[in-house]
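Please open the structure in your viewer and keep the selection tool ready. This tour moves from one selection to the next and says what is found at each stop.

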Amino acid sequence: MQTIIPSAPLAVVDPKSVKHPCFNKESSGTCGRVHLPVAPKCNIQCNYCNRKYDCVNESRPGVTSGILKPFQALEYTRQVLDKEPRITVIGIAGPGDPMANPAETLETMRLIRKEYPHMLFCLSSNGLAMPEYLDDLASLGVTHATVTLNTVDPAIGANIYAWVRDGNVVYRGQAAAELILGRQLESIAGLKSRGLAVKVNTIVIPGVNTIDNNAPIKAVAEKARELGVDLMNCMPMHPTAGTPFGELAEPGKEAVHALRAEIGHMVPQMTHCRRCRADAVGLLCNDRSTELGGVLSACSKLAPQNQSDRPYVAVATREGLLVNLHLGEAKRFQIWGLAESGGFRMIEERLAPSAGCGPSRWEDLARLLSDCRAVLVSALGEAPRAILTERGTLPAACSGFIEDALALAYGEDGLARLEALKARRGGLGKSCCGSGDGC
Ligand code: SF4
Ligand code: SF4
């Protein structure tokens, strides 16, 4: 009887991927990418990752030359495109996880999309926090995404992830693995249903997801095929000192090559990955991040020039409906921004610096809210008011509904009105009185 050997899928390049050097190897010698390092935080801990370095789910270990705020990332993009016009893709890949930094990631994409509507936009995530932002990513015109999927078996995932943080809850063991797996699959399906090209990255970890003749990675490839994934990148784990997997041997080239050959009939395999840094720039075969590191570093020191460089408003609230917490009482701040569809949208929560650190607490808070044009609280003292005002985040004391206060803060001359109202107490009903002393 004749044995039929399954062949690899025909290499038909999706039209939107023709100029993407990672999704289309043929273009990697002529089309480049720039990564904007705007996402420092991560919401999980992989056992192969040392946080001193970039996210190794997409990048090779190596510090970036700086972290950029969204407005700085726009300026950096302008300067880089001037020097390297072959760039066709703008991406966000760390150094933490883009969706663990949704405010920075979404605002960066909004700014870039406005100025460079013709560019491909790419991002890479561990998938945990992505489902909540799928509609935002699609409406902001993200064209390509990478989701890390190391295993589809929670028992194996429990060995890969030390912990997974969802909101304020930290999960460990199998519960953590089940949670992140569910989100990764939801992310991939959601990205595909919204028309994005999707790559899956799988870190090949000897003895962890390579047991039984690579069966766990074959199961990932099978799931990727089922979900319509466009490309799979099996990346050999780079053992990093000081991590639980630091003593494991790095998988050899031949073993990885054989693995790709074995599963290539299920999903096309990426074979030209360069393990780019979170601040990679240039062609895959001619990275210019060292040469352009000075530009990045200079951009990371730019100060906000106007209110559009501070797109958010921070809110101190007990239940998420009213502005009703004193600045000093707030353990966390909601960060609100303008929604693409009109109105306002709560983008994330940020933990306040801990109490009892003296004046440095307010300096830390000013840094935490440096992308916010205002912070709305029920009351605050003179010392934090002076520090926040000096650093460019206007503190305004309010009572009433958050949405009404936001309408004032974002309205025409909103901040001027908040300033002008400082002397008045009360009398504004549902809106901000801006007294800074409490209404
Ligand atoms: Fe490190 Fe990336 Fe894993 Fe986060 S997702 S722990 S940054 S490898
Ligand atoms: Fe996108 Fe990853 Fe390629 Fe960067 S390295 S452009 S994030 S696929």
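Predicted model: local features only at pLDDT ≥ 70, side-chain atom pairs only at ≥ 80, totals over all residues.

Start by selecting G141, which counts as partly exposed because its relative accessibility is 22%, where buried means under 20% relative accessible area, exposed over 50% and partly exposed in between, with a 1.4 Å probe and protein chains only. G141 sits in the loop between helix 3 (134–139) and strand 5 (144–148); helices (H or I, at least four residues) and strands (E, at least two) are DSSP runs, numbered from the N terminus. Leaving aside residues up to four places away in sequence, G141 touches R113 and F121, a contact being heavy atoms within 4.5 Å.

Residues are numbered from 1 along each chain as its sequence is written, chains are lettered from A and ligands numbered from 1 in the order in which they are written, and side-chain values use heavy atoms, with hydrogens and water left out.

Now show the whole protein as a cartoon, where 12 helices and 16 strands can be traced. Of its 439 residues, 55% count as buried.

Next, select helix 6 (residues 211–227), which contains D212 and also N213. Most residues other than glycine have a negative phi. D212, however, has a positive phi near 50°, and N213 has a positive phi near 60°. Are these two residues buried or exposed? D212 counts as exposed because its relative accessibility is 66%, and N213 counts as exposed at 57%.

On a 1 Å grid over the protein atoms alone, a pocket is an open set of points where a 1.4 Å probe fits, with protein on both sides within 12 Å along at least five of seven lines, and lining residues have an atom within 4 Å of a point; the points are joined across faces, edges and corners, and the volume is the space filled by probe spheres set on them. Of the 33 lining residues, select K41, A100, P102, E348 and E349, which are the closest to the centre of the pocket. Strand 14 contributes the most to this lining, with six residues. Because domain 1 (15–299) and domain 2 (307–425) both give residues to the lining, the pocket lies between them, the domain bounds coming from an automatic or database domain assignment.

Stay with strand 14 (residues 344–351) and select F344, together with Y410 in helix 11 (residues 402–410), 66 residues apart. F344 and Y410 form a stacked aromatic pair, 5.6 Å centre to centre with 25° between the planes; rings of Phe, Tyr and Trp (its six-membered ring) pair if their centres lie within 6.5 Å, and planes under 30 degrees apart count as stacked, over 60 as edge-to-face and the rest as tilted. F344 is partly exposed at 22% relative accessible area, whereas Y410 is buried at 14%.

Finish at helix 10 (residues 382–390), where P384, R385, I387 and L388 are buried. These buried residues pack against helix 9 (359–368), strand 15 (372–377) and strand 16 (394–397).
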